[in-house]
Amino acid sequence: MLLDLAARRRVLFLGGKGGVGKTSIASAVALSRARAGQRVLVVSTDPAHNLGHLWRRTVGDDIVRLDTAPGGGHLDGVEVDPERTTAAHLSAVRATLRRIVPEHLGGEVDRHLDLARDAPGMHEAAVLERVADLTEQGLAGYDLVVFDTAPSGHTARLLSLPETMGAWTDGLLRRRDRSERLGGAAQMLGGRGESEARRDAEIRSVLTRRRERFTLLREVLTDPGRCAFVVVLAAERLPVLESVELVEQLSTLQVPVGGLVVNKRSPADAGPLLAARHEAERAHLDALRERLGHLPLDEVPLLGDDLVGPDALDRLAGFL
Ligand SMILES: Nc1ncnc2c1ncn2[C@@H]1O[C@H](COP(=O)(O)OP(=O)(O)O)[C@@H](O)[C@H]1O
Ligand SMILES: [Mg+2]
């Protein structure tokens, strides 16, 4: 399921609980598409990054090459650093605000933003802006972008943000509209300088640019022709319940769900302990199918060795 889906979409999101195999599966599917000749970017937004570990190299906040395939495809990767992203986001907001407010309130802006750095939602807003950025960059320079996301609840909240952020930017733009109209009137009366008009135009362009970025993200996220969300889980009671909940949340957000990957499935024929687990898992999978039977499902077996490096990922992709 997942490999077919990846071949027919431009953007994939992989979500699910920590430890279920999101990063491994994201890398496996990304590698497989790169080996099919595509330009692929894998983006980790989980603060608990392990993309680097998987590829036995340092991956950071800047895009690096992870694999070059003989057929002309390649795989790039990036781990979004929430601290750096938040700092960059705040300094952009600071620059914009400092241009909006009168000079003597500059210190106020700084104090406000220093407090905002640790405010709830700030990391999310910053990471979302980065996701929007990388989506735009990905659509322009890659055939496929695979987002390896943070655990479920966090991601669903994140995906609902473009709307909120868009509304916020809209509000600011409307206020600019009003003040520009007033400013225009003042200018006719000779009370407003050219530099102020230029500043207004600049602020407007920053806000419009931001608005466009969120609109694009929202459009991509809700376009079943370009994007799909895949839920990765283990065949256990809580993960099944959480996955059902996540799929419901995604449907509410109109984000198309492409399917489910049940990872680390215990074998039936490798001793009594694993056989018992296999049976228990079957009951949970039945419950899953009862609720989400309409979604395609891949089962990936529990593998005995460490999943590190391209050969192991290639083997993992064989199950998708
Ligand atoms: N099918 C599998 N069989 C065995 N180990 C697996 C399998 N899939 C993932 N793992 C291992 O499970 C651990 C967590 O996987 P990871 O991809 O980092 O999960 P996540 O990104 O969801 O936290 C890693 O050590 C990985 O090698
Ligand atoms: Mg991970």
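Helices here are DSSP runs of H or I with at least four residues, strands are runs of E with at least two, and both are numbered from the N terminus.

Before going further, note that this is a predicted model, in which local features need pLDDT of at least 70 and side-chain atom pairs count only at pLDDT 80 or more, while totals for chains, interfaces and linings use all residues. Residues are numbered from 1 along each chain as its sequence is written, chains are lettered from A and ligands numbered from 1 in the order in which they are written, and side-chain values use heavy atoms, with hydrogens and water left out.

**The whole chain**

Of its 320 residues, 48% are buried, where buried means under 20% relative accessible area, exposed means over 50%, and partly exposed lies in between, with a 1.4 Å probe and protein chains only. Among contacts (heavy atoms within 4.5 Å) with a separation of 6 or more, 75% are between residues 24 or more positions apart.

Helix 2 is mostly covered, with 13 of its 14 residues buried.

Because 14 of its 20 residues are buried, helix 6 is largely enclosed by the rest of the structure.

**Asp-61 and its partners**

Select Asp-61, in the loop between helix 3 and strand 3 (64-68), which counts as buried because its relative accessibility is 10%. Its side chain makes a polar contact with the side chain of Arg-130 at 2.9 Å, a polar contact being a pair of N or O atoms within 3.5 Å, of which, within protein, one must be able to donate a hydrogen and the other to accept it, with residues adjacent in sequence counted only if both atoms are side-chain atoms. The side chain of Asp-61 also reaches the backbone nitrogen of Asp-81 at 2.7 Å.

**His-49**

His-49 is found in the loop between strand 2 (39-44) and helix 3 (51-54). Is His-49 buried or partly exposed? With a relative accessible area of 26%, His-49 is partly exposed, and its side chain reaches the backbone oxygen of Asp-46 at 2.9 Å.

**Glu-281**

Finish in helix 11 (residues 272-292) by selecting Glu-281, which counts as buried at 3% relative accessibility. A polar contact of 2.8 Å joins its side chain to that of Arg-265. Leaving aside neighbours within four places in sequence, the residues in contact with Glu-281 are Ala-235, Lys-264, Arg-265 and Ser-266.
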